[in-house]
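Here are some notes to read beside the model. They cover its pockets and its salt bridges.

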Amino acid sequence: MEMSLPAYTKKPKTFWEKNFANVFLMVGLTFIGITLFIFISQSLFFAKSKETTGKVIRFETSNYRSLAYPTIEYFTPDNVRHEYQHTEGTKPSIYRRGEVIKIYYNPANPTDVSLGYSFIAMGILLFFGVIFLTLGLGFKSKTKAL
């Protein structure tokens with residue numbers, strides 16, 4: 001007795017057809033996870049840091065970047081002078097030469113410095129995380145309905 005194939009066989013789904021929604025969910029959760037990691041690590045830093053004031057003394061630019069990176073001079077309570085070059089540059093600069101700003105440093109390592117929470121970076125990551133998560137949930141519910 002010979003077995004015959006049915007007249008219509010369903011084509012197997014590709015990886016993307018099966019996992020499209022899951023990829024969006026994972027990207028969204030990754031962005032949200034990175035946001036939480038940044039927030040928690042910055043919160044832990046600020047919990048142990050000391051606040052002082054610093055003065056913008058100059059701006060550095062590189063040959064490949066047109067952004068201005070401020071260099072800030074600050075003193076620890078033992079009157080030791082330190083300089084910190086901020087890792088985030090802007091054009092035009094949000095600081096002015098000679099401007100006095102709040103600065104936070106680790107007392108155990110005064111060269112470990114922050115100018116405050118990175119709300120812009122966290123906001124961008126959280127925004128895209130929520131968008132991807134929402135789209136992933138929407139795609140997932142739509143594919144379950146089919």
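1. Terms first. Helices (H or I, at least four residues) and strands (E, at least two) are DSSP runs, numbered from the N terminus. The model is predicted: local features need pLDDT of at least 70, side-chain atom pairs count only at pLDDT 80 or more, and totals for chains, interfaces and linings use all residues. Residues are numbered from 1 along each chain as its sequence is written, and side-chain values use heavy atoms, with hydrogens and water left out.

2. The pocket search runs on a 1 Å grid over the protein atoms alone; a pocket is an open set of points where a 1.4 Å probe fits, with protein on both sides within 12 Å along at least five of seven lines, and lining residues have an atom within 4 Å of a point. Points are joined across faces, edges and corners, and a volume is the space filled by probe spheres set on them.

3. The largest pocket has a volume of about 500 Å³. It is lined by 24 residues, and those closest to its centre are His-86, Glu-88, Gly-116, Tyr-117 and Ser-118. At least two lining residues come from each of helix H1 (15–48), strand E5 (109–114) and helix H2 (119–145). By type, the lining has 13 nonpolar, nine polar and two charged residues. Here Ala, Val, Leu, Ile, Met, Phe, Trp, Tyr, Cys and Pro count as nonpolar, Asp, Glu, Lys and Arg as charged, and the others, Gly among them, as polar.

4. The second largest pocket has a volume of about 200 Å³. Its lining holds 12 residues, with Glu-17, Lys-18, Ala-21, Phe-139 and Thr-143 closest to the centre. H1 gives the most to this lining, six residues. The lining divides into four nonpolar, three polar and five charged residues.

5. How many salt bridges does the whole structure have? The search finds four, a salt bridge being a side-chain nitrogen of Lys or Arg within 4 Å of a carboxyl oxygen of Asp or Glu. Arg-58 and Glu-83 form one of them (2.7 Å, N to O). Arg-58 lies in strand E1 (residues 50–60) and Glu-83 in strand E3 (residues 81–85), so this pair ties together parts 25 residues apart in sequence.

6. Arg-81 forms a salt bridge with Glu-83 (2.6 Å) and another with Glu-73 (2.5 Å, N to O). Glu-73 is buried at 18% relative accessibility, whereas Arg-81 is partly exposed at 41%. Buried means under 20% relative accessible area, exposed over 50%, and partly exposed in between (1.4 Å probe, protein chains only). Salt bridges link Arg-58, Glu-60, Glu-73, Arg-81 and Glu-83 in a network.
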